[in-house]
Amino acid sequence: MPSELNLILLGPPGAGKGTQAERLTQDFDLPYLSTGNMLRAAVSEGTDLGKQAEPIMNEGGLVPDEIIIGVTLEALGEADDGFLLDGFPRTVGQAEALTKALEERERKLTAALLIDVPDDEIVRRLTGRRTCAKNGHVYHVEFDPPKHEGVCDQDGSKLVQRDDDKPETVEKRLVAYHDKTAPLVGWFEDRGLLRRFDGTRSPTEVHDHIRATVATLRLEDEL
Ligand code: AP5
């Protein structure tokens, strides 16, 4: 019986968290929860959560902890065979709430996987990103293009640009990252949970490194 993998993807906007998540969930057969995807779905469905989140997301800010913690922990509640979390926690308050919720269920985090990318590279990545309108598969016009321009390889849907990928919003998202989320790097490091990856390598190289690390973590846990 393989041990439970409870993983977090950490890193600045555009570091490649969604790109790697798509591969890792297949490698390790893990339930995947992206708070960004969850919020975008809420916005397009016009729910109360979506109405509260939309102006904040469009401004490049963070949805307040009082809102995001409850909905994320509820969505995670059913993932009792492990999980891959993308975009949460994003503040120390969120990390503390997640740790407490896991402890209450006698579970613990396996690792926080940090994908490191410098700010100047982020802007190039986000302005060239295209996302499948139907299922969220991620491409880049230059670094990871689809076979046919503007069309998703996987399901033939249209590729679109995210509203918050405009250069001025990207700058604000980076400020929010350095201010509120980067302190989590030390927080996870102090708890022996941080694993760092060089996100400037190709998507395949980053994937190979993360996959090898996660496979080792699982093996160590089983010994
Ligand atoms: P969210 O959707 O989580 O956005 P993000 O963290 O800013 O991350 P991105 O999705 O922009 O980037 P990514 O790291 O997944 O990169 P990707 O793989 O697409 O959150 C959106 C908003 O929701 C937030 O701003 C906030 O308002 C709100 N929110 C969400 N969670 C919240 C929380 N917990 N608390 C409060 N608010 C919250 O890659 C980017 C591009 O680069 C792609 O085009 C890709 O093809 C390309 N690429 C990927 N890897 C490589 C590589 N190795 N080399 C070259 N190109 C690459």
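**Sheet, flanking helices and nonpolar cores**

In this predicted model, strands β2 and β3 (residues 83-86) are paired in the parallel sense, with three bridges between them. Within β3, L85 is the residue that stands opposite L33. This pair belongs to an open sheet of five strands, arranged in the order β2-β3-β1-β4-β8 with parallel pairing. Strands β2 (32-34) and β8 (194-198) each have a single partner strand and stand at the edges, so one side of each is left without a neighbour in the sheet. On average, neighbouring strands are turned by 20° against each other, direction ignored.

Two helices are described in relation to these strands. Helix α1 (residues 17-28) lies across β1 (6-10), β2, β3 and β4 (111-116), and runs at about 170° to β3. Helix α2 (residues 35-45) lies across β2 and β3, at about 65° to β2.

The largest nonpolar core contains 33 residues, and L85, L98, L109 and F188 have the most contacts inside it. Two or more residues each are given to this core by β1, α2, α3 (48-58), α4 (65-76), β3, α5 (92-104), β4 and α8 (183-190). The element that gives the most is α5, with five residues. For L98, when neighbours within four places in sequence are left aside, the residues in contact are I8, L73, L76, L85, F88, P89 and L109.

Note on methods
Residues are numbered from 1 along each chain as its sequence is written. This is a predicted model: local features need pLDDT of at least 70, side-chain atom pairs count only at pLDDT 80 or more; totals for chains, interfaces and linings use all residues. Side-chain values use heavy atoms; hydrogens and water are left out. Two strands pair if DSSP finds at least two bridges between them. Helices (H or I, at least four residues) and strands (E, at least two) are DSSP runs, numbered from the N terminus. Axes are lines fitted to C-alpha atoms, for helices over the stretch in contact, and angles run from 0 to 180 degrees between N-to-C directions. Contact means heavy atoms within 4.5 Å. A nonpolar core is a set of buried Ala, Val, Leu, Ile, Met, Phe, Trp, Tyr and Cys residues joined through side-chain atoms within 4.5 Å. Buried means under 20% relative accessible area, exposed over 50%, partly exposed in between (1.4 Å probe, protein chains only).
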